[in-house]
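User: I'm new to this one and would like to learn how to read its features step by step. Could you walk me through it?

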Amino acid sequence: MLRKIKLYGELANFVGHKEFEVKVKTLSHAVSFLINNFAGIEEYMNPKYYQVKVGNYDIDKNEIDYPVGKEDIHFIPVISGAGRGLGKVLLGAALIAGAFMLP
């Protein structure tokens, strides 16, 4: 089943698109989709922080391989120093590492 991947802010500007509809089962599949389709995105995302949501639920690093169900996946860049009050925040490097650990 197709899921929407929504990108925000500078990440959407880097990629050149705000939304995709792709067949993914987990967040790590979504990150893998981005890595395999956009040159340089690994280096771009690696040092930055993101709030990642599946629907309205904030994802942490332990949930990268959980099924996303029918919900949209949101990658929201976090401005440096804005960590309080945002919920769970992930380093881009953790997202990328999770994408390479696909079974």
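User: Which residues form one aromatic cluster here?

Analyst: Keep in mind that we're looking at a predicted model. The cluster is made up of Phe20, Phe33 and Phe38.

User: How many aromatic pairs does the structure hold?

Analyst: There are 3 aromatic pairs. One of them is phenylalanine 14 with tyrosine 44, with 4.3 Å centre to centre and 10° between the planes. Planes under 30 degrees apart count as stacked, so this pair gets that label. Phenylalanine 14 sits in helix H1 (residues 9-15) and tyrosine 44 in helix H3 (residues 41-45), 30 residues apart, so the pair links distant parts of the chain.

User: Is phenylalanine 14 buried or partly exposed?

Analyst: Buried means under 20% relative accessible area. Phenylalanine 14 comes out at 36%, so this residue counts as partly exposed, while tyrosine 44, at 16%, counts as buried.

User: And what kind of pair do phenylalanine 20 and phenylalanine 33 form?

Analyst: That one is edge-to-face, at 5.3 Å centre to centre and 70° between the planes. Phenylalanine 20 belongs to strand S2 (residues 19-23) and phenylalanine 33 to helix H2 (residues 27-37), so the pair ties together parts 13 residues apart in sequence. Both phenylalanine 20 and phenylalanine 33 are buried.

User: What lies over the face of tyrosine 44?

Analyst: Lysine 48 does, at 3.6 Å from the ring centre.

User: Now for charges. How many salt bridges are there?

Analyst: The general idea is that side chains of opposite charge can pair when their charged atoms come close. Here the count comes to 3 salt bridges. Lysine 4 forms one with glutamate 19, their closest N and O atoms being 3.7 Å apart. That pair links strand S1 (residues 2-7) with strand S2, 15 residues apart.

User: Where does lysine 6 come in?

Analyst: Lysine 6 meets aspartate 72 in a salt bridge, 3.3 Å from N to O. Lysine 6 is in strand S1 and aspartate 72 in the loop between strand S4 (57-58) and strand S5 (73-77), so parts 66 residues apart in sequence are tied together.

User: Which residue forms a salt bridge with aspartate 58?

Analyst: Lysine 53 does, with the closest N and O atoms 3.9 Å apart. Aspartate 58 is buried, with a relative accessible area of 16%, whereas lysine 53 is partly exposed at 22%.

User: To zoom out, how many helices and strands are in the chain?

Analyst: You'll find 4 helices and 6 strands. From the N terminus on, the elements run β-α-β-α-α-β-β-β-β-α. Of the 103 residues, 42% count as buried.

Definitions and conventions:
Residues are numbered from 1 along each chain as its sequence is written. This is a predicted model: local features need pLDDT of at least 70, side-chain atom pairs count only at pLDDT 80 or more; totals for chains, interfaces and linings use all residues. Side-chain values use heavy atoms; hydrogens and water are left out. Rings of Phe, Tyr and Trp (its six-membered ring) pair if their centres lie within 6.5 Å; planes under 30 degrees apart count as stacked, over 60 as edge-to-face and the rest as tilted. Helices (H or I, at least four residues) and strands (E, at least two) are DSSP runs, numbered from the N terminus. Buried means under 20% relative accessible area, exposed over 50%, partly exposed in between (1.4 Å probe, protein chains only). A charge sits over a ring if NZ of Lys or CZ of Arg is within 6 Å of the ring centre and within 35 degrees of the ring normal. A salt bridge is a side-chain nitrogen of Lys or Arg within 4 Å of a carboxyl oxygen of Asp or Glu.
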